[in-house]
Amino acid sequence: MSLEKPKLAQVVIPAWMAKLLAQVRETEQEEGTFEIEAEDELPFAQLGSWVALSGVSPRAMALYWFMAMHLNLKRGDRYVWPSKDALAYLMQYSRGDKIDPFLKELVAIGAVIVVSVPDSSGPQKRNVYRLPATPPSGWSGPVSTHDWYADHNVEHPENLGSPSASPIAAPRRPRLSSRTRWAVFARDGYRCLACGTPENLTIDHIEHQSRGGGHEIENLRTLCHSCNSRRGAGALDEVDR
Ligand SMILES: [Zn+2]
C-alpha cells in the first residue's frame with residue numbers, strides 16, 4: 001500500500017499574509033535536510049510523536065498542540081503566528097508571559113523555532129513560529145512509540161505476532177532518559193554552555209560513550225547541536241574541563 005501525497009488546491013492568500021511570509025523566509029535561514037523522514041506527509045495533520053516522547057512537560061505539550069492547530073495544510077508551510085496572548089488564553093492563562101517557560105522547553109528541543117519579524121501595523125516586532133515536522137538533526141531522543149517502548153523494555157502493543165518488528169529483540173545500549181535530559185538542561189539554564197543559544201539543545205557526553213562515559217549527570221552537559229558537532233571535530237577544547 002502506498003500513500004500518495006495529497007494534491008492540494010491552489011490557495012490564494014491575502015497580500016498581507018504573503019508579505020509576512022516573505023519577511024519570515026527572509027529573516028530566517030532555512031535549515032538543511034532533516035535526518036528523519038517527515039511523518040506528516042499523510043493526508044492528515046499529525047503532531048510529531050518525537051515531541052510528545054521528548055519528556056517536555058504536559059503543559060509544554062499542550063502549548064505545542066495549540067500552536068500546531070494553527071498550521072495551515074493548504075498553504076503547506078510550517079509557520080504559525082498566533083499572538084502569545086491568544087496562546088496564553090487557549091492555555092487558560094491571563095497573560096502572555098505565563099507561557100514563557102513552556103515555550104522555552106519547546107525551543108530547547110527544536111520543536112518550535114521563534115522568528116522575529118517586523119510587524120506591519122507599527123514599528124514593533126512580532127514573533128512567528130516555525131514548527132518543524134521532524135526533529136533537528138542530531139536529535140537523540142525517541143522518535144517513535146517503538147523507540148519509547150524499547151527504551152522502557154516494554155513490548156509494544158502492536159508487536160504481537162510480528163517478531164521481526166520487535167524492537168526489543170536485541171539488547172542495546174540504553175538511551176539517555178528524558179528525565180536526565182531535562183535535568184541537565186535545567187541545571188545548565190536551558191543554554192548551550194559554549195555559545196549561549198537557547199535553541200536546538202543536545203546533551204553532550206563529556207567522556208564520550210565510546211570511551212566508557214556513561215549517562216551520569218556529572219558526565220553530561222548542554223551543548224547546542226552545532227557546538228556539539230564542532231566538538232566532535234575537536235574544535236571546542238575550551239569547553240572541555
Ligand atoms: Zn552552541
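Where in the chain is R75 found?

1. Basis of the note. This is a predicted model, in which local features need pLDDT of at least 70 and side-chain atom pairs count only at pLDDT 80 or more, while totals for chains, interfaces and linings use all residues. Residues are numbered from 1 along each chain as its sequence is written.

2. R75. The residue lies in the loop between α3 and β1; helices (H or I, at least four residues) and strands (E, at least two) are DSSP runs, numbered from the N terminus. R75 counts as partly exposed because it has 13 C-beta neighbours inside 10 Å. On this scale a residue is buried if 20 or more other C-beta atoms lie within 10 Å of its own, exposed if 12 or fewer, and partly exposed in between, with C-beta atoms placed from the backbone. The C-alpha atom of R75 is 8.8 Å from that of V12, although 63 residues separate the two along the chain.

3. Overall content. The protein has 8 helices and 5 strands, in the order α-α-α-β-α-α-β-β-α-α-β-β-α from the N terminus. Of its 241 residues, 22% are buried. Among contacts with a separation of 6 or more, 62% are between residues 24 or more positions apart; a contact requires C-beta atoms, placed from the backbone, within 7 Å.

4. The open sheet. Three strands form an open sheet in the order β1-β3-β2, with antiparallel pairing. β1 (79–80) and β2 (113–118) are at the edges with a single partner strand each, so one side of each is left without a neighbour in the sheet. Pairing here requires that DSSP find at least two bridges between two strands. β2 is joined to β3 (residues 125–130) by 6 bridges, and the hairpin between β2 and β3 passes through 6 residues. Within β3, V128 is the bridge partner of V115 and N127 that of S116. β1 and β3 are joined by 2 bridges, and V80 stands opposite Y129 in β3.

5. The buried side of α3. In helix α3 (residues 58–68), the buried residues are A60, L63, Y64, M67 and A68. They lie on the same side of α3, because they cover an arc of only 135 degrees around the axis, the arc being that of the directions from the helix axis to the C-beta atoms. The elements covering these residues include α2 (49–52), β1, α4 (84–90), α5 (100–108) and β3.

6. Packing of α3 on α5. The axes of α3 and α5 are 9 Å apart, at an angle of about 80 degrees; axes are lines fitted to C-alpha atoms, for helices over the stretch in contact, and angles run from 0 to 180 degrees between N-to-C directions. α3 is therefore roughly perpendicular to α5, a class that spans 65 to 115 degrees. R59, A60, L63 and Y64 of α3 make the contact with F102, L103, E105 and L106 of α5. By class, the contact has 6 nonpolar, no polar and 2 charged residues. Ala, Val, Leu, Ile, Met, Phe, Trp, Tyr, Cys and Pro count as nonpolar, Asp, Glu, Lys and Arg as charged, and the others, Gly among them, as polar.

7. Positive phi. Q92, in the loop between α4 and α5, has a positive phi of about 70 degrees although it is not a glycine. N200 is not a glycine either, and has a positive phi of about 50 degrees; its loop runs between α7 (178–187) and β4 (201–205). Q92 counts as exposed, with 8 C-beta neighbours inside 10 Å, whereas N200 counts as buried, with 23.

Key. Two residues are in contact if their C-beta atoms, placed from the backbone, lie within 7 Å. Angles under 35 degrees count as roughly parallel, over 145 as roughly antiparallel, 65 to 115 as roughly perpendicular and the rest as oblique.
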